[in-house]
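Welcome, and please take a moment to look over the sequence and the model before reading on. Let us walk through them together.

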Amino acid sequence: CGFYVASGDARIFNEATTVVLLRSGTTTVLSMQNDYHGPPEDFAMVVPVPTVLHEEDVKTLDRALFDRVDQLAAPRLVEYWEEDPCIGEGTIGLGNLGTIGHGGGGGTGSGYGRGAAPLVTVEAEFAVGEYDIVILSARDSSGLETWLHREDYNIPEGAGEVLRPYVEA
């Protein structure tokens, strides 16, 4: 679900991410909750999205919602007891045991491209809750990686390769 970037050599950590994905027809809703630890200044999370999002597409959710989904999706251990089917007449009851994965978060990003031919285009910019959202597009993933470096974001090595399929799509 993307990666964190920060200015300079800031140390940032994420202990866990909860992701809730809902799909209805051609609409997909992705809700993320991250357990981010680090300085909030100059912090951003890069999340590839398939289309340009607008302010009405982005919302902040109450932590209780993720707690409820976590509770509903938690693995359950159930024991079923059945009579021996070989004794007399009887049927075998079958129990269902299943698990549903969970994972969530939010993030921010900001900045502007520099130079003659922009490596990155700022498609939309707005604030939702405590987050400043900036939707970027790039001509190629190495251009986005270069832009993030120019804006003094400390990004993982090889980020351009990870972003390549998203930028190409």
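The protein chain has three helices and seven strands. Followed along the sequence, they come in the pattern β-β-β-β-α-β-β-α-β-α. Of the 169 residues, 25% are buried. The accessible surface of the chain is about 11,800 Å², and carbon and sulfur atoms account for 53% of that area.

How far can each part be trusted? The mean pLDDT of the chain is 75, with 76% of the residues at 70 or more. Confidence is highest in strand S5 (residues 120-128), at a mean of 89, and lowest in S1, at 70. Over residues 90-116, pLDDT stays under 50, although the model has 64 contacts beyond four places in sequence for this stretch. Where pLDDT is low, the predicted coordinates should not be read in detail.

Strand S2 (residues 13-24) and strand S3 (residues 27-37) pair in the antiparallel sense over 10 bridges. Asn 14, for example, stands opposite Tyr 36 in S3. The two strands form a hairpin with two residues between them, and in the turn Gly 25 has a positive phi of about 65 degrees.

The largest nonpolar core has 12 residues, among them Phe 3, Val 5, Val 46, Trp 147, Leu 148, Ile 155 and Leu 163. Strand S1 (3-7), strand S4 (43-46), helix H2 (141-150) and H3 each supply at least two residues of this core, and H2 gives the most, with three. Another core, of six residues, lies apart from it and includes Ala 124, Phe 126, Val 128 and Ile 133.

Helix H2 deserves a visit of its own. Its buried residues are Ser 141, Gly 143, Leu 144, Glu 145, Trp 147 and Leu 148. Among the elements that cover them are S4, S5, strand S6 (131-138), strand S7 (153-154) and H3. Just after the helix, Asp 152 takes a positive phi of about 65 degrees.

What does Ser 141 touch beyond four places in sequence? Gly 160, Leu 163, Arg 164 and Val 167 are its contacts. Ser 141 has a relative accessible area of 4%, so it counts as buried. Ser 141 and Gly 160 are 19 residues apart in sequence, yet their C-alpha atoms are 4.7 Å apart in space.

A search of the whole structure finds one salt bridge. Glu 161 forms it with Arg 164, and the closest N and O atoms are 2.2 Å apart. Side chains of opposite charge can pair when their charged atoms come close. Why are these two residues about one helical turn apart? Because they are three residues apart in helix H3 (residues 159-168), Glu 161 and Arg 164 are separated by about one helical turn. Glu 161 is exposed, with 52% relative accessibility, whereas Arg 164 is partly exposed at 33%.

How values were computed. Residues numbered from 1 in each chain as written. Predicted model: local features only at pLDDT ≥ 70, side-chain atom pairs only at ≥ 80, totals over all residues. Heavy atoms only, no water. Helix = DSSP H or I, 4+ residues; strand = E, 2+ residues; numbered from the N terminus. Buried < 20%, exposed > 50% of the residue type's maximum accessible area, 1.4 Å probe, protein only. Areas by Shrake-Rupley, 256 points an atom, 1.4 Å probe, with all protein chains shown as cover. Salt bridge = Lys/Arg side-chain N within 4 Å of Asp/Glu carboxyl O. Core = buried A, V, L, I, M, F, W, Y, C linked by side-chain atoms within 4.5 Å. pLDDT = per-residue confidence, 0-100. Contact = heavy atoms within 4.5 Å. Pairing = 2+ DSSP bridges.
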